[in-house]
Amino acid sequence: MRRVLVLNGPNLDLLGVREPEIYGRTSLAALADTVWTWGRELGFDVEHFQSNHEGELVERVHDAAQRFDGIVLNAGALTHYSFSLHDALAAVEVPAIEVHISNVRAREPWRRRSVISAACVASIYGRGIPGYRWALLHLRNRDATPIETIPYGEKRDQKIDVRRPTSPGPSAPLAVIVHGGLWRQEWTSDTTETWAVELTRRGWITANVEYRRLGSGGGWPESFVDVTAAFGVAATLPGVDPQRLHAIGHSAGATMALWSAGQTGAVRPTNVTSVAGITDLVRARAEGLGDGAVASIEGRRRPRPEEASPRHRLPTGVAVTLVSCLADTLVDPSYATDYAFAARQAGDQVELLELETTHGAVLDPLEPALGAVIDSLAPSQHA
Ligand code: DQA
């Protein structure tokens, strides 16, 4: 079993009692137990260590070189000034993932700087304790298949992670994957990586898209334009079958995948799969979905419905599969059925797949719903 070292830094021994409105009520002992269990489920043997002393953490990182396949590190405040920890991480060959329970980008300005992130393969923050699980999942997925990261623009977030099947034929179908997260900084393309790994295993070329989000130049229309641009670059990758250009999005990512389908003049998908998609931005804005997520992306000018909202841009002429999660408490299943009805009325080809699952379970490799989503694109040989 692969081994992961989970390191927690200064003041994390006070978890549960320390500023619970920011860090929650879970104690460090409970956190260590939970992370150990998550590790077992995901195929990792987890060892946990906490210290309030920089030198002790540095030494643990040194020791990890021989003994561990990955490090998950919440360095606490050392994140913001410990060059020794940066250098220790840079010195060892073990991939490290930086984790923060709170959203360090949305707090005091000094917390926005991380001097260790350059020595880490990923940074996960603002997702609470489950952030540690996302870190384990990322370690698992980055080991599964080789990844080539390709820029599609000049900004840091304008990039796609391309994975290729191990024994490709002359051409392969393409899946361009667009993550959700209500356009917020803390939700990144690691959340849809399991889809990429599974589809690649089934012979697809996959492009998992990152795009600008709120706080890094994203919102309306920049995030949407980024997704369309990423699609255009992915569609011209060598070995891609031009007849099978799929876009698959989750939640707000599905909004943008559907939007790209309606974007004349751009390279468009042949098929779109919307999983728990926010198909109607007019309704989502009126309902205040996700703490006012739609209003928050509008910036200086509120777009007209037919500019931004997929439900108001029909028909697209592109075949769409709508996956609706019947236990979704964020995006009501009627977002899928309403879109399906309107799109059929407008003449589009639409399929509806209803799953007894939640908004997030479709992203989890241990949940059958994820397999059902993948099967809907790429039926398994063994099914
Ligand atoms: C923290 C964020 C740091 O800024 C802070 O100093 C901590 C905890 C987090 O998990 O959110 O101690 O790393």
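Predicted model: local features only at pLDDT ≥ 70, side-chain atom pairs only at ≥ 80, totals over all residues.
**Helix pair**

I number residues from 1 along each chain as its sequence is written, and side-chain values use heavy atoms, with hydrogens and water left out.

Two packed helices are described by the angle between their axes and the distance between the axes. I looked up both. Helix α2 covers residues 28-42 and helix α5 covers residues 130-144. They pack at an angle of about 30°, and their axes are 10 Å apart. That makes α2 roughly parallel to α5, a label for angles under 35 degrees. The axes are lines fitted to C-alpha atoms over the stretch in contact, with angles running from 0 to 180 degrees between N-to-C directions. Helices here are DSSP runs (H or I, at least four residues), and strands are runs of E (at least two), numbered from the N terminus. I noted the crossing of α2 and α5 as right-handed: the near helix is turned clockwise from the far one by less than a right angle.

**Ligand**

I found R18, Y23, N74, G76, A77, H80, H100, I101, S102, V104 and R111. This shell divides into four nonpolar, five polar and two charged residues.

I then checked polar contacts (N or O pairs within 3.5 Å). A polar side-chain atom of S102 sits 2.6 Å from a ligand oxygen atom. For R18, a polar side-chain atom is 2.8 Å from an oxygen atom of the ligand. I101 uses a backbone N or O atom, 2.7 Å from a ligand oxygen atom. The protein covers 99% of the 320 Å² of accessible area that the ligand has on its own, by the Shrake-Rupley method with a 1.4 Å probe.

**Backbone**

Most residues other than glycine have a negative phi, and most peptide bonds are trans. I looked for exceptions. The bond from W220 to P221 is cis, with omega near -5°. P221 lies in the loop between β9 (205-210) and α7 (222-235). The bond from L314 to P315 is also cis, with omega near 0°. I placed P315 in the loop between α11 (305-308) and β12 (319-325). L182 is not glycine, yet its phi is positive, near 55°. L182 is in the loop between β8 (172-178) and α6 (193-201).

Technical notes:
Near = heavy atom within 4 Å. Polar contact = N/O pair within 3.5 Å; in protein donor to acceptor, adjacent residues only side chain to side chain. Nonpolar A, V, L, I, M, F, W, Y, C, P; charged D, E, K, R; others polar. Parallel < 35°, antiparallel > 145°, perpendicular 65-115°, else oblique.
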